[in-house]
Amino acid sequence: MPRPHAPAHAEDDLLPLPSDQDATGRTLGDEEIAAVTDALRSGTLTVTKGAQGKTLEARFAAMVGATFATACSSGSAAIHCAVAAIDPEPGDEIITTSITDMGALTPILYQGAIPVFADVDPATGNVTARSIAQRLSPRTKAIVVTHLFGNPCNMTAIMALARSRNVRVIEDCAQAFLATHRGRPVGTFGDLGCFSLQQGKHVTTGEGGLVVSNDAALARRVYLFVNKAWGYGDANADHYFLALNYRFTELQAAVANAQMAKLDGVVQARAKMAALMDDLLAGVPGVEVPKPGHNSTHVYWKYPLRIDPAVIPGGPPALAKLLKAVSVASAPRYIVKPAFRCAVIRDQQTFGRSRWPFTLARPEAVDYAAERFPGTFEYLDRVLVLPWNERYTPAHVEYLANAVRVAAEQLRETRIPVEGGVA
Ligand SMILES: *Cc1c(COP(=O)(O)O)cnc(C)c1O
């Protein structure tokens, strides 16, 4: 008699997926090797004197339609530069999202400002003009939005709100290279746009970041913040304000230049396979595929599913467990808990025992009561993040879709029938 719940795949049926952590899922090749070799032979490895960094900045600015771009050492550094460019007073409030990378949040604290968490849309995990509006106060200096998983926030609505309140906007585009809203790449709707070149992003130099802007004064402050605020080339150069060395190197810039030539292809490949995945999962009960926002394109840093636990018993964690058995590493709950439940923010672990700058905060700005974040908790309870990659072939996508479909079916069959109903 056949076992009713035989594993979906025997050991030798497992299909390894390309991984963004090694060569199987990266576009690093001869072009990068040649560029690094050239940089090494030039003998100039600092971007302050070399050509690669300048080329990268000009090239990336043109790619996203910005006037200025500055390379730096990480995505977190990029956010730090952007916040420092806005130059908040200690205790100023910066509204941000409860679901993002910690690298988008700690720079706010380093600059003495208070991160104030807006709730997210439970359909996308993104902040909205409405959720941001609920957190505005006379102390609001800026807003940092994250285009989660490569799906743009509604920048039309967010910018209208921000401009009406004279509040600056920083876009965290670490997961959203070349994603568009109303036909324009994200990064220049706000005052500053930040990108990451970390190993797992669309294009990579291992670590690295970029900041774009159309505002000459803000771009100047970003440049200075990367360079210890030393006014290179100025008549009376000085260290003008508190700043770090957040420079990129020529080696990284050489790799980045070769990677940028491939970025458009990476984004297109990811979107094409995502469209196939959408088709293959259409009609699977309890499984909702990611959809781009109104007037936007999604660039699929990951492929986040929304799972309805009322239809699929056990929800995302149970599905993830079954997927793991067929060697698919998914992430139920993405960051697991909202950012405000992380020790650094929950316990205000900042500078010594001072708790500064939280000591300057209005009580409401640091009120993390769960009932103020219904969208956040609903989204985390439902999201199952599938790894996504430009090297996926239709065979990989079919394998992934089949794994999800079989696992979902298996869990649905375990559902306890309700009295008088049909299971
Ligand atoms: C990766 C990431 C960052 C931080 O970038 P690093 O290069 O890792 O410092 C910030 N925000 C988001 C949304 C990210 O995905």
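Author: Consider the second largest pocket, whose volume is about 270 Å³. A pocket is an open set of points on a 1 Å grid over the protein atoms alone, where a 1.4 Å probe fits, with protein on both sides within 12 Å along at least five of seven lines. Grid points are joined across faces, edges and corners, and the volume is the space filled by probe spheres set on them. This is a predicted model: local features need pLDDT of at least 70, side-chain atom pairs count only at pLDDT 80 or more, and totals for chains, interfaces and linings use all residues. Residues are numbered from 1 along each chain as its sequence is written, and side-chain values use heavy atoms, leaving out hydrogens and water.

Reader: How many residues line the second largest pocket, and which lie nearest its centre?

Author: Lining residues have an atom within 4 Å of a point. Here there are 14, with Val 47, Thr 48, Glu 57, Tyr 223 and Asn 227 nearest the centre. At least two lining residues come from each of α2 (52–64), β1 (68–72) and α7 (216–226); helices (H or I, at least four residues) and strands (E, at least two) are DSSP runs, numbered from the N terminus.

Reader: Which residues of α7 are buried?

Author: Buried means under 20% relative accessible area (1.4 Å probe, protein chains only). In α7 these are Leu 218, Ala 219, Val 222, Leu 224, Phe 225 and Val 226. Among the elements covering them are β1 and α3 (75–86), with contact meaning heavy atoms within 4.5 Å.

Reader: What marks the two ends of α7?

Author: At its start, a side-chain oxygen of Asp 215 comes within 3.0 Å of the backbone nitrogen of Ala 217. After α7 comes Lys 228, with a positive phi near 55°.

Key: Buried means under 20% relative accessible area, exposed over 50%, partly exposed in between (1.4 Å probe, protein chains only). A polar contact is a pair of N or O atoms within 3.5 Å; within protein, one must be able to donate a hydrogen and the other to accept it, and residues adjacent in sequence count only if both atoms are side-chain atoms.
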